[in-house]
Amino acid sequence: MMKSINKKTAIVAVAAILALTMISCKNDDTTPEIPSMYTQEDQIGRPAINTVFVGSSMKDNFNTTAPSAQGASYQSAFEARLLALNPNYSTNALGLDAATFTTVLATDVLSVSLDGTTTFFDGTNVLTGRALADDVISVELLLIFGGSDGSENPGLTDDHVDSNDKAFLTTFPYLASPW
């Protein structure tokens with residue numbers, strides 16, 4: 001048997017939901033001070049970056065650091081890791097030296113272009129969002145190991161996974177159903 005709610009209770013409930021929505025949708029990167037409601041567990045705006053560049057001793061701190069503070073806090077650790085992975089790194093296909101590239105990587109956000117192409121990297125547009133079919137891991141490998149023209153270390157610049165195992169849907173939620 002369903003109980004009906006009165007109009008006043010419904011208005012209070014809607015007001016509470018709107019207030020929580022407004023708190024959580026501020027135009028900054030701080031989490032509201034309501035620890036019993038929100039817990040930051042992980043940040044992974046760009047796949048594999050957190051996994052590869054953030055050492056296990058830094059994981060918890062990195063995952064709870066506001067994105068606006070990540071570059072300053074973690075760029076040097078990211079640069080050390082980049083140079084350990086690729087000691088011959090000088091610039092990548094975007095023309096970024098190690099310090100500049102790792103500053104971009106250490107700020108773990110996915111930018112979105114609202115008025116242009118949405119892609120992780122298509123040869124022209126860079127980090128303007130991410131389409132489902134973008135080959136993000138191969139792009140990251142290319143930028144880390146490919147050198148200034150993308151041709152260095154050819155065995156390390158592609159994961160050879162060129163498409164999803166199922167076609168994406170043409171309507172929301174766009175992801176294919178599980179196997």
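This is a predicted model: local features need pLDDT of at least 70, side-chain atom pairs count only at pLDDT 80 or more; totals for chains, interfaces and linings use all residues.
You'll find it in the segment after helix H6, which covers residues 136-145. Now look for Asp 135: it sits 25 residues away from His 160 along the chain, and the C-alpha atoms of the two are separated by 9.5 Å.

Next, follow the chain back to H6 itself. Eight of its 10 residues are buried, so this helix is largely enclosed by the rest of the structure. Among those buried residues are Val 136, Val 139, Leu 142, Leu 143 and Ile 144, but also Ser 138 and Glu 140. What do the buried residues of H6 pack against? The answer is three other helices: H2, H4 and H5. Just past the end of H6, Gly 147 takes a positive phi of about 75 degrees.

That packing leads us to the largest nonpolar core, a group of 21 residues. Phe 53, Phe 78, Leu 82, Phe 101, Leu 105 and Ile 144 are the ones that touch the most other members. Helices H2 (49-53), H4 (67-85), H5 (98-106) and H6 each supply at least two residues of this core, and H6 gives the most, with six. Setting aside neighbours within four places in sequence, Ile 144 is in contact with Phe 53, Leu 82, Asn 86, Tyr 89 and Phe 101.

Now trace H4. This helix bends by about 55 degrees at Tyr 74, and Tyr 74 is also one of its buried residues. Others on that list include Pro 67, Gln 70, Gly 71, Gln 75, Phe 78 and Leu 82. Here's a handy bit of background: an α-helix has 3.6 residues a turn, so residues three or four places apart point the same way. With that in mind, check where the buried residues of H4 go: they pack against H2, helix H3 (59-64), H5 and H6.

Finally, what about empty space? Rolling a probe the size of a water molecule over the atoms shows where it is left. The second largest pocket has a volume of about 280 Å³. It is lined by 15 residues, and Arg 130, Leu 132, Asp 134, Ser 163 and Asn 164 lie nearest its centre. How does the lining of this pocket divide into nonpolar, polar and charged residues? There are eight nonpolar, two polar and five charged.

Technical notes. Residues are numbered from 1 along each chain as its sequence is written. Side-chain values use heavy atoms; hydrogens and water are left out. On a 1 Å grid over the protein atoms alone, a cavity is a set of points where a 1.4 Å probe fits but cannot get out, and a pocket is an open set with protein on both sides within 12 Å along at least five of seven lines; lining residues have an atom within 4 Å of a point. Grid points are joined across faces, edges and corners, and a volume is the space filled by probe spheres set on the points. Ala, Val, Leu, Ile, Met, Phe, Trp, Tyr, Cys and Pro count as nonpolar, Asp, Glu, Lys and Arg as charged, and the others, Gly among them, as polar. Helices (H or I, at least four residues) and strands (E, at least two) are DSSP runs, numbered from the N terminus. A nonpolar core is a set of buried Ala, Val, Leu, Ile, Met, Phe, Trp, Tyr and Cys residues joined through side-chain atoms within 4.5 Å. Buried means under 20% relative accessible area, exposed over 50%, partly exposed in between (1.4 Å probe, protein chains only). Contact means heavy atoms within 4.5 Å. The bend at a residue is the angle between axes fitted to the seven residues ending there and the seven starting there.
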